[in-house]
Amino acid sequence: MANLKTVSKKTKAQAMGMHTEVLTGRTQQKFFNPDEAENFYYFGTYDVDFNKRTDLDVKDMTAPEANKEIDNLMSQGYGTIVIKNPQGKHSLGVGILNKLNLIFEGSLGYFGMGSCDGPIVRINGRVGWSCAENLMAGKVVIEKNAGSCFGAAIRGGDLICKGSVGARTGIDMKGGTIIIGGDAGAFTGFMMQRGRIIILGDVGINLGDSMYDGTIFVGGEIGSYGSDAVDSELTLSDQDWLKRKLKVAEIGENFDVSKMKKIVAGKKLWNYDNLEPTEKKGAI
Amino acid sequence: MCGIAGLIHRGKSSNVGSELQGMLQALKHRGEDSTGYALYGDTDGKNFIMRFKVGENVGEGSSSVMEDVSVYDERKKVVDETLAELGAKVIKEERTLPYSLRYEIDYNVKDLLNFSQTIESIPGVEILSMGKSLEVIKDLGNAKAVCDRYSLDKLVGTHAIGHARMATESGVDIKSAHPFWGYPFSDVSVVHNGQLTNYWNNRRALENKGMRFMSECDSELIAVYIAQKMREGATLEEGMKDSLTGLDGVFTYFVATKDSLGMAKDTMAAKPLVLYESDELVAMGSEEIAIRSVLPQEIDTYDPFDGEVKVWRI
């Protein structure tokens, strides 16, 4: 395992496997300087108490009404909210930029938990397309299956599906971790730029197609590799990390991680526009 | 965008007209230019049911040209005369709307190709469906509006598929609305969500084989493609599997026959589908909320994977 105590701040994320290129410009490393505490809080967030709990039945509410009520309950200090009867409604729980323990007693439709930063969410059901899109921090656990574009463009946090997921899981993801207990569909990790995806089951065709960076771990069979996705050596450090992550995710605790495949970017597509035509052909 | 929905009861009948209306109405935000139903009702199986139109709905939003009702009357008269010449006896006649008719026909010829070609050679006439169980009803407006207009909520049967359409590739009219009848096969219908990119190549090839197209809607190609495969001896499932390579583009589609319901998803899995499956009922739709309209309790659903084809029988 990488010695995280001795590596410098600049390379910590690299040692964790989050990315391999040198970050420049206004990156998250600069945004989250611990000396700038105000950067950890959004304007309009609430100081909630996790022991203050309430139920919210959204059966007869529209998604905007339900989301507004969640915000209202947080403003009253409720830190644990149980949503009853979500019944597959779209866009529930979106835009929560707060610490919160949120539990859904049922399934969500499209775009559930999109653009969130911080909440711990458990969904005792299934989710539709684009669950937790743009998640920045926090943890979202889905007890059943998920639709396509699961965790699209997430920046951080842990996104866990205990069942199977559809196509294009982790498309365009820029950080964080996605963990799948079952199988995943085609184009998993399509154009991913950072972060890690763990799939305990099988995965469909074009895995990691055009991935720029990041890592995909697969426990089952792979339908086919996408353009520029290549095998890499599974290190002991990787195995340690996988075991810890699966334990925290309450999923596949006894899974033999030593047999997993590790897929990374071949990086032939980097600087694609600068390649000569013959080189482009080889890259694809 | 479009939304599709379908359900099949296994081993019993149910009020499929009302159930499908609820499913499609839940998907109305995916498009309400037109809505169509393919309902497989409980019948004695003796006579053919022919749903056909002699004109278009020229209401608000329609891209069709206004015609006088007398034109419709004249076309209906010619249809009646042609049916008599073909030896088809009209047992029951319903004229739901000036342009939309439902006939029960006593007709004992198995090959519907010649029959359909003859009827549709009458200008302005299109057979929406022909079968001993199938009835295709489609018109402009959302699911509830069409259901109310045609009193579909009381129809009892075993299975049904439907479509809520946002017109993108062709006009806002009945002829471009789904479902499409799998001409000239009795009791075959198709609904589709997506776009086909090799439409014209396939269309020309199929027209050379004698198949007919009534619209320029790419989705019609699926119905004709599957029908042609079945004509060549393929089973429904074989025809659908073949379509995964024969059709190019993005699609999720349903096909229904007298006793079965199938789904196919393209190899890119670009179009959504959520599926619920039990021993008694299979229900599927573009979004879970469609299924929730018939199964509001907590249920287990899943997304079929890319390139998946499934067929269920009643």
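Trainee: Which way do strands β4 and β5 of chain B pair, parallel or antiparallel?
Mentor: Antiparallel, in this predicted model. Strand β4(B) covers residues 89–97 and strand β5(B) covers residues 100–106. They share 7 bridges.

Trainee: How many residues sit between β4(B) and β5(B)?
Mentor: There are 2, and the two strands form a hairpin.

Trainee: What stands opposite Glu94(B)?
Mentor: Arg102(B), in β5(B).

Trainee: Staying in chain B, at what angle do helices α1 and α4 cross?
Mentor: Roughly 150°. Helix α1(B) is residues 16–26, and helix α4(B) is residues 143–150. Their axes come within 8 Å.

Trainee: What does that make α1(B) relative to α4(B)?
Mentor: Roughly antiparallel, because the crossing is roughly 150° and angles over 145 degrees count that way.

Trainee: Which residues make the contact?
Mentor: From α1(B), Gln21(B), Leu24(B) and Gln25(B). From α4(B), Ala143(B), Lys144(B) and Cys147(B).

Trainee: How do the residues of that contact divide?
Mentor: Into 3 nonpolar, 2 polar and 1 charged, for α1(B) with α4(B).

Trainee: What pLDDT does chain B average?
Mentor: Chain B averages 92. 100% of its residues score at least 70.

Trainee: And what are ipTM and pTM for the model?
Mentor: The ipTM is 0.79 and the pTM is 0.85.

Trainee: Over to chain A. How many strands form the open sheet there?
Mentor: 11 strands, with mixed pairing. The order is β1-β2-β3-β4-β5-β6-β7-β8-β9-β11-β10.

Trainee: Which strands stand at the edges, and why is one side of each left without a neighbour?
Mentor: In chain A they are β1 (49–57) and β10 (229–232). Each has a single partner strand, so one side has no neighbour in the sheet.

Trainee: What does the twist average?
Mentor: 20° from one strand to the next.

Trainee: In what sense do β2 and β3 of chain A pair?
Mentor: In the parallel sense, over 5 bridges. Strand β2(A) runs over residues 78–84, and strand β3(A) over residues 101–105.

Trainee: What stands opposite Lys84(A)?
Mentor: Glu105(A), in β3(A).

Trainee: Last topic, the contact of chain A with chain B. How many residues does it take from each?
Mentor: It takes 22 residues from chain A and 16 residues from chain B.

Trainee: How does the chain A side divide?
Mentor: The side of chain A that touches chain B has 5 nonpolar, 14 polar and 3 charged residues.

Note on methods
Residues are numbered from 1 along each chain as its sequence is written. Chains are lettered from A and ligands numbered from 1 in the order in which they are written. This is a predicted model: local features need pLDDT of at least 70, side-chain atom pairs count only at pLDDT 80 or more; totals for chains, interfaces and linings use all residues. Two residues are in contact if their C-beta atoms, placed from the backbone, lie within 7 Å. Ala, Val, Leu, Ile, Met, Phe, Trp, Tyr, Cys and Pro count as nonpolar, Asp, Glu, Lys and Arg as charged, and the others, Gly among them, as polar. Two strands pair if DSSP finds at least two bridges between them. Helices (H or I, at least four residues) and strands (E, at least two) are DSSP runs, numbered from the N terminus. Axes are lines fitted to C-alpha atoms, for helices over the stretch in contact, and angles run from 0 to 180 degrees between N-to-C directions. pLDDT is the predictor's confidence in each residue, from 0 to 100. Angles under 35 degrees count as roughly parallel, over 145 as roughly antiparallel, 65 to 115 as roughly perpendicular and the rest as oblique.
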